Amino acid sequence: MSNVDKAEKKVASKKSAKKADAHIEGASQIGIEVRKEVDFSTWYTQVLKRSEMLEYYEEVSGCYIIRPLAYNIWQEIQNFFDAEIKKLGVEDTYFPMFVSQRQLEREKDHIEGFAAEVAWVTKAGSSNIENPVAIRPTSETVMYPYFAKWIRTYRDLPLKLNQWCNVVRWEFKNPQPFIRTREFLWQEGHTAHFTKEEADTEVYKILELYRQVYEDMLAVPVIRGIKSEKEKFAGGLYTTTLEGFIPTTGRGVQAATSHCLGQNFSKMFDIVIEDPKDAKKVHVWQNSWGISTRSIGVMVMIHGDNKGLVLPPRIAATQVIVIPCGITSKTTEDDKKLVESKVNDVVEELKSVGIKAKADLRENYSPGYKYNHWELKGVPIRLEIGPRDLQNQQSLMVRRDNGSKEPIPLADLVSRIPDTLKIIQKDMFERAKKVYDDHVKIVLKWEDFVSTLDGKNFVMIPWCEEVSCETSIKEKSTRHVTKEEAEDEKAPSMGAKSLCIPLEQPNDPPIVPGETECISCGKLAKRYALFGRSY
């Protein structure tokens, strides 16, 4: 047997062993069959499909059907965020999804940043289109010619528009539901301001709203920061970002971005006004900002477990499921009806105080099957009510996030359940935040950089912030997989890139201007930067 054959056999053996280790003994057909911590990719796919969040669209690779369970989460995000930006004077609009090649290529740096991802319409029926049109990867070049028409004087400012829409980025990497898809849903805000100060203020207000979406609604911790020159939005002045962390893989994920575009686009599209002080023509200052359905995937990856989804109460379509139990062949029809009647009464009582409750009265499934079904769907609280519970005037409450069980008097449900939902929301965030914090390591010498990274961590380093140094760090931290070694999804081969320069800087030890050196190149460090492997 040749060395190549031996290597291939060894890799196949490792993959086979991995599958065996991943399998969950006794898993039902409707449940999750592999362990999250062993086969994360398969686990993630099973959770999304079997919980009925998503279905694969077989006609086009990289496109997916967002089912009601997941779309509800997007609607909750939309309802919150849209209400908040309206308080800032932002108005909703809608622009066409097509953009001409001439318009798209007006901003050179911008189109270069998206060139590989742009999808083009080149035919109509059987005829070639003389001037092909692109499907928007983002809408700066669609909107800004019209900003130039609508903005004439300083009295037309600020102009604040937002659209909820889909965009297409024809990724050729391996697609992953919600995280990297060829079509996705998002909102994109585009605003124009008289001064840079006004633009700067808005950039950070929007970033704070995005933080609230992730931390307060999805219970997902994030780090707020500024992107490096290399990683900022193509054609923009600077980019602020939220960076999430997936503990199982040790990889980062860009959660949302708020960009100050400066005057780059207003100069390109001639968006000018007269300065009221001296009547000189001045270019406006612009911002753009967006959050997408990627947020749903991040939430699933962080909170899900080997039973399926675990949904934070604030975004759950069903917060409480009430299930009759303890009904046997010896249970009289009258007792059965009493239980079902009480289950319905409890649901209505909970709804009356704003709780999204539902009863599962299906007779063709056992209580155990129903428990598994609703655990898979991540419902935060399960209430069990049976004949004995009616005698004792109580219900058994089971929390999805930690599995704890507690009997609660029926008379106390209306007061206890809302408080418990708030506790679950808080506990889920705090647990995730502790894990995130534990995986952010300050590294003060290069010798510790890659080994810390390989421990599924982010690294915080004193950094010079130069593009050439960032390129070097990525090259030096790339993990080279040999033929004899199976690629491990949890320790990917890609090198580290800068995720952000955190707004909250470490101070132990502090960066000493003129003294602290970049751990990679030895030049003077400006600030701490967060590096990691990323989706």
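Predicted model: local features only at pLDDT ≥ 70, side-chain atom pairs only at ≥ 80, totals over all residues.
Residues are numbered from 1 along each chain as its sequence is written, and side-chain values use heavy atoms, with hydrogens and water left out.

I then searched for the partner of Lys370 and found a salt bridge with Asp360, the closest N and O atoms being 3.9 Å apart; a salt bridge here is a side-chain nitrogen of Lys or Arg within 4 Å of a carboxyl oxygen of Asp or Glu. Lys370 lies in helix H11 (residues 367–376) and Asp360 in the loop between strand E16 (357–359) and H11, so the pair ties together parts that are 10 residues apart in sequence. I note that helices (H or I, at least four residues) and strands (E, at least two) are DSSP runs, numbered from the N terminus. Asp360 also counts as buried, at 2% relative accessibility.

**Other salt bridges**

I next took Asp401 and Arg431, whose side chains meet in a salt bridge of 2.8 Å, N to O. Asp401 lies in the loop between strand E18 (394–399) and strand E19 (405–409), and Arg431 in helix H13 (residues 413–438), so the pair ties together parts that are 30 residues apart in sequence. I recorded Asp401 as buried, with a relative accessible area of 14%, whereas Arg431 is partly exposed at 39%.

Lys87 is exposed, with a relative accessible area of 63%.

I also noted a network of salt bridges that links Glu208, Arg211, Glu215 and Asp216. By the rule given above, the count of salt bridges comes to 32.

I traced an open sheet of 11 strands with mixed pairing, in the order E3-E7-E8-E14-E11-E10-E9-E22-E23-E21-E20; two strands pair if DSSP finds at least two bridges between them. Its edge strands are E3 (91–92) and E20 (440–442), each of which pairs on one side only. H13 packs on this sheet, touching strands E9 (223–226), E10 (238–246), E20, E21 (458–463) and E23 (527–532), and its direction makes about 30° with that of E20. Contact means heavy atoms within 4.5 Å, and axes are lines fitted to C-alpha atoms, for helices over the stretch in contact, with angles running from 0 to 180 degrees between N-to-C directions.

I followed the pairing from E7 (residues 159–168) to E8 (residues 183–193), which run antiparallel and are joined by 10 bridges; Asn166 has Leu185 in E8 as its bridge partner.

**Strand E14**

In E14 (residues 285–292) I found 8 of the 8 residues buried, so the strand is largely enclosed by the rest of the structure. Both faces are covered, with Trp285, Asn287, Trp289 and Ile291 buried on one side and Gln286, Ser288, Gly290 and Ser292 on the other. E8 and E14 run antiparallel, joined by 8 bridges, and Glu188 stands opposite Gly290. E11 and E14 are likewise antiparallel, with 5 bridges between them, and Gly262 has Gln286 as its bridge partner in E14.

**Thr257**

I placed Thr257 in strand E11 (residues 251–262), where it is buried with a relative accessible area of 10%. A polar contact of 3.3 Å joins the side chains of Thr257 and His259; such a contact is a pair of N or O atoms within 3.5 Å, and within protein one must be able to donate a hydrogen and the other to accept it, residues adjacent in sequence counting only if both atoms are side-chain atoms. Leaving aside neighbours within four places in sequence, I listed the contacts of Thr257, among them Tyr210, Thr239, Trp289 and Gly290.

**Domains**

I noted the division into domain 1 (80–298), domain 2 (320–423) and domain 3 (439–532), with bounds from an automatic or database domain assignment. The centres of domain 1 and domain 3, taken over C-alpha atoms, are separated by 28 Å, and 21 residues of domain 1 are in contact with 23 residues of domain 3.

Key:
Buried < 20%, exposed > 50% of the residue type's maximum accessible area, 1.4 Å probe, protein only.
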